[in-house]
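These are my notebook entries, written while I looked through one structure residue by residue. I kept each entry to what I could look up.

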Amino acid sequence: MKTDIEIAQEAKMLPIKEVAAAYGITEDDLEFYGKYKAKITDDLWNQIKDRKDGKLVLVTAINPTPAGEGKTTTSVGLGEAFAKIGKKAIIALREPSLGPCFGIKGGAAGGGYAQVVPMEDLNLHFTGDFHAITSANNLLAALLDNHIQQGNALGIDTRQILWKRCMDMNDRVLRNIVVGLGAKADGFVREDHFVITVASEIMAILCLAEDMKDLKERLGRIIVAYNFAGEPVTAKDLNAVGAMAALLKDALKPNLIQTLEHTGALVHGGPFANIAHGCNSVRATRMALKLADITVTEAGFGADLGAEKFLDIKCRMAGLKPDAVVLVATVRALKYNGGVPKTELQEENLEALKKGIVNLEKHIENIQKYGVPVIVTLNSFTSDTEAEYAYIKKFCEDRGCEFALSEVWAKGGEGGVALAEKVLHTLETKESHFKPIYPDDMSLKDKIHTVATEIYGADGVTYSPAAERALKKVTEMGFGNLPVCMAKTQYSLSDDQTKLGRPTGFQINVRDAYVSAGAGFVVVLTGAIMTMPGLPKAPAAYNIDVNEDGVITGLF
């Protein structure tokens, strides 16, 4: 069986200008990064912004398991499948982070015959967007420390510095560090920290900004520290905004690539969903809605994380309204949720399926709470049985969901036709009555409680003393009307990754919170979630290589 990278390397890609032409995009509206990648100019948006929006389909999933679900694969295959049934569709995805690529997860370009290409470029550096974000983040950190060294005119309290450095790699030893060691000229000694680039507030800002003006305003609002009077110090106060924006000038433009079957894919931005808001850029999604009849986008990890943030943060801020949600699962993952060891997932086990399907049930209920129609799809595996399919199909239909089997990994767009037809039927016959799960004017604690109880199924929320103080201060500063961005493990509906299925009788434990004033949300840290991941015992990096001809191997 061919690997994903072997399939991708055998693909016959079209020059990206030909893919663009299918959407009415001319060469003048493209900035080329070689033959197969391009950024889209701001001029194109001005030409198409008054067009009517197409339909918006969100792809999300159950909580991820080692058995695999295939959310990106489904997104790509669904976009290809719409073309098979004569519909003009485009895909809007996130860019992969180098951290998981070299860590445990591997690449993020889809899989099998439902991939975006060039997959090696996408997974490794791409058009440099993440490097620009990293540079802008670390420029702000350097300007902050330099300001303190050069006399500290703003009276910054070095015990209350919030801004962290970042890099796009899983490197646990950088979570907590000491800077300024050495001579007097080397700066003030203080504790510092790193986050992974996809958790940087600048990543969130880039993904939520409407244009350069909005980007600069958001950058200026970033709170980097507090002064001795307890007042916030911002990036604007440090005179950092112009230089940061200059670094982000090109990164702000969406990227265009293609699927294996030449469907267009706008791939832009990439905040993690467990420690950030988990959606591709607003600019790319809005552009996609103007370029095609149907836009297929995705949100990271399970629906309790990515979809909740897509619906409560991104849609709220950008005025988007999803017309349907595709919820991805696999028979294997549902049996895993039912207690079956990974080594036994290939065997039919209806009892375990019945136990594990409660995870899917909770996600269905959650999406329906937002007033959006749901279509459940199963990524097929050769070990699946007809009895298992029949049980899941009836389970979904009994709950008012359309159901379709997906074979896009093995068959590309052709394997997604049944799903595309179900989605199209839903778009044509069911109306979306989308609304966020909580209003803006609800208190931060009530918003956290709403997400914890309504979406996670918790009995309530507990707060550490640090979290209590942080939420009180954020509210007093005037940020109580912002949405909450919950940082939580992706592996469970609870904040304990060992609780599979549909856990009950638990509390969500909030250990801290802080405001991302530029992004426009309050980050709430739960459980043991880390904003700088670490590498596993045997990282994926061990398997990646490049030969003398420049051909990369082992990239998932």
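**Ground rules.** I am working with a predicted model, in which local features need pLDDT of at least 70 and side-chain atom pairs count only at pLDDT 80 or more, while totals for chains, interfaces and linings use all residues. I number residues from 1 along each chain as its sequence is written, and side-chain values use heavy atoms, with hydrogens and water left out.

**Entry on the cores.** I looked up the nonpolar cores, meaning sets of buried Ala, Val, Leu, Ile, Met, Phe, Trp, Tyr and Cys residues joined through side-chain atoms within 4.5 Å. For burial I used relative accessible area with a 1.4 Å probe and protein chains only: buried is under 20%, exposed is over 50%, and partly exposed lies in between. The largest core has 119 residues, and Leu219, Ile222, Leu360 and Ile392 touch the most other members. Helix α7 (residues 129–149) gives this core its largest share, eight residues. Another core lies apart from it, with 24 residues, including Ala8 and Val408.

I took helices (H or I, at least four residues) and strands (E, at least two) as DSSP runs, numbered from the N terminus. Contact, in my notes, means heavy atoms within 4.5 Å. Not counting residues up to four places away in sequence, Ile392 touches Val331, Leu334, Leu353, Ile357, Leu360, Leu378 and Phe403.

**Entry on α7.** I compared the helix with its expected span, which is 1.5 Å times one less than its number of residues. With 21 residues, α7 reaches 30 Å from its first C-alpha to its last, close to the 30 Å expected. Gly151, whose phi is positive, near 120°, follows α7.

Thr259 sits in strand β14 (residues 255–259), and I noted it as buried because its relative accessible area is 0%. Beyond its neighbours within four places in sequence, Thr259 is in contact with residues including Val76, Glu80 and Ile91. Asn366 belongs to helix α14 (residues 350–369) and is also recorded as buried, at 2%. With neighbours within four places set aside, Asn366 is in contact with Glu454 and Ile455.

**Entry on the surface.** Is Leu181 buried or exposed? I found Leu181 exposed, because its relative accessible area is 58%, and I placed it in the loop between β9 (177–179) and β10 (190–192).

**Entry on salt bridges.** I counted a salt bridge where a side-chain nitrogen of Lys or Arg is within 4 Å of a carboxyl oxygen of Asp or Glu, and by this rule there are 33. Asp53 and Lys290 form one of them, at 2.8 Å from N to O. Asp53 lies in the loop between α3 (42–48) and β3 (55–61) and Lys290 in helix α11 (residues 282–291), so the pair ties together parts that are 237 residues apart in sequence. Asp53 is partly exposed at 41%, whereas Lys290 counts as buried at 13%.

Glu397 and Lys393 form a salt bridge as well, at 2.8 Å from N to O. Both lie in helix α15 (residues 386–397), four residues apart, about one turn of the helix. I also noted that salt bridges with shared partners join Glu31, Lys249, Asp250 and Lys253 into one network.
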